[in-house]
Amino acid sequence: MEKKRILSGIQPSGISTLGNYVGALRNWVKLQVDDRSCFYCVANMHAITVRQNPDELRSRTLDTAAILLACGVDPNRSALFVQSEVHEHAELSWVLNCYTYLGELNRMTQFKDKSSKHSDNINAGLLTYPVLMAADILLYRAHYVPVGEDQKQHLEIARDIAERFNKVYGDVFVIPEPLVPKVGGRIMSLQDPTKKMSKSDPNPASYITVTDEPSAIMKKFKRAVTDSEGRIAYNENQPGVANLLSIYSTFTGMTIEESLAHFDGMGYGTLKTAVAEAVIDGLALVREEFRRIRDDKAYLREVLSRGREQAAEVAARTIADVYGRIGLGAFFD
Ligand code: AQP
């Protein structure tokens with residue numbers, strides 16, 4: 001039987017957050033089972049849609065690869081690679097640009113968000129980001145894409161592009177499906193719980209990184225914005241408390257209902273401390289492993305080079321097929 005393929009990526013636009021971990025990375029790890037073939041990339045080409053310092057970007061790329069390994073991505077089961085090292089991503093992205101409509105791209109929430117945050121640099125890459133993401137996915141003919149809720153819209157456009165292309169040229173691409181966790185698909189900022197937690201947020205108090213020290217984690221949770229209701233409940237009028245409960249549930253394995261019962265009659269201070277403790281515990285190994293792996297350059301180099309080879313082999317086949325179908329290749333066949 002054909003193995004189901006999984007593809008996902010993460011930008012090295014900062015150190016990965018609790019949001020990235022719960023929404024995506026934990027699932028990347030769980031999906032590494034025998035009947036699946038996983039491709040995971042550090043999406044550094046996506047990161048340059050926002051200005052990056054070159055040395056910092058290089059270093060963050062290795063940080064992110066080390067974080068993925070520390071979280072449990074296993075290079076013997078998955079191809080772990082850096083996006084810019086497989087040139088077919090850029091090539092397929094250009095092709096797919098020609099099968100994507102401006103109207104579709106203009107509707108993307110992330111484009112609107114990022115344009116307002118970076119009003120001095122609304123570049124074309126910010127607009128065509130979903131096309132590069134479609135290329136990332138379609139290049140590996142991925143069946144499933146484990147992502148957080150914020151990326152669902154981009155997955156939909158990837159499916160639309162693939163269907164449009166297939167309609168003209170035959171069954172070239174697999175139509176991918178998103179895998180979004182039921183709880184924790186959208187972890188919110190600790191300082192503004194109406195906004196999602198983001199690693200590039202200018203306020204570090206708004207996010208927990210997976211490598212934060214226990215004291216920093218405790219401090220940030222204690223300062224987390226809640227409300228004046230004073231009642232632990234899970235509803236949209238109390239987004240800060242609901243966010244803390246979601247985090248608690250994902251780290252303890254309890255359902256939201258069980259967590260609510262657990263905190264019945266208690267105050268926000270108790271909830272914050274308990275969430276912080278659960279997160280400190282849950283991330284302890286990641287933090288330790290990260291330091292060890294990040295310091296082992298030879299190992300990182302070997303893993304990423306092996307991953308690049310595995311990814312490039314598949315990517316080369318797809319791009320040859322695509323070029324052949326649309327008349328950009330196969331001239332003498
Ligand atoms: N707050 C979140 N809750 C749940 N999942 C999240 N993801 C991101 N934020 C949350 C998921 O993490 C994966 C990797 O994301 P990304 O780095 O490719 O881009 P992003 O979605 O733009 O994440 P950030 O942290 O907000 O990055 P910046 O600040 O650079 O824009 C994705 O699967 C994403 O859904």
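I took a cavity as a set of points, on a 1 Å grid over the protein atoms alone, where a 1.4 Å probe fits but cannot get out; lining residues have an atom within 4 Å of a point. Grid points are joined across faces, edges and corners, and a volume is the space filled by probe spheres set on the points. The model is predicted, so local features need pLDDT of at least 70 and side-chain atom pairs pLDDT 80 or more, while totals for chains, interfaces and linings use all residues. Numbering runs from 1 along each chain as its sequence is written, and side-chain values use heavy atoms, without hydrogens and water.

**Cavity.** I got one cavity of 30 Å³ or more. The largest cavity has a volume of about 40 Å³. Its lining includes Met108, Phe111, Lys114 and His154. H7 (124-139) gives the largest share of that lining, four residues.

**Strand S2.** Helices (H or I, at least four residues) and strands (E, at least two) are DSSP runs, numbered from the N terminus. Five of the seven residues of S2 (residues 36-42) are buried, so the strand is largely enclosed by the rest of the structure. Buried means under 20% relative accessible area with a 1.4 Å probe, protein chains only. I found Cys41 as bridge partner of Gly9 and opposite Phe81 in S3.

**Ser93.** I placed Ser93 in helix H4 (residues 88-97). Ser93 is buried at 8%.

Conventions
Buried < 20%, exposed > 50% of the residue type's maximum accessible area, 1.4 Å probe, protein only. 1 Å grid on protein atoms, 1.4 Å probe; cavity = no way out; pocket = protein on both sides within 12 Å on 5 of 7 lines; lining within 4 Å. Pairing = 2+ DSSP bridges.
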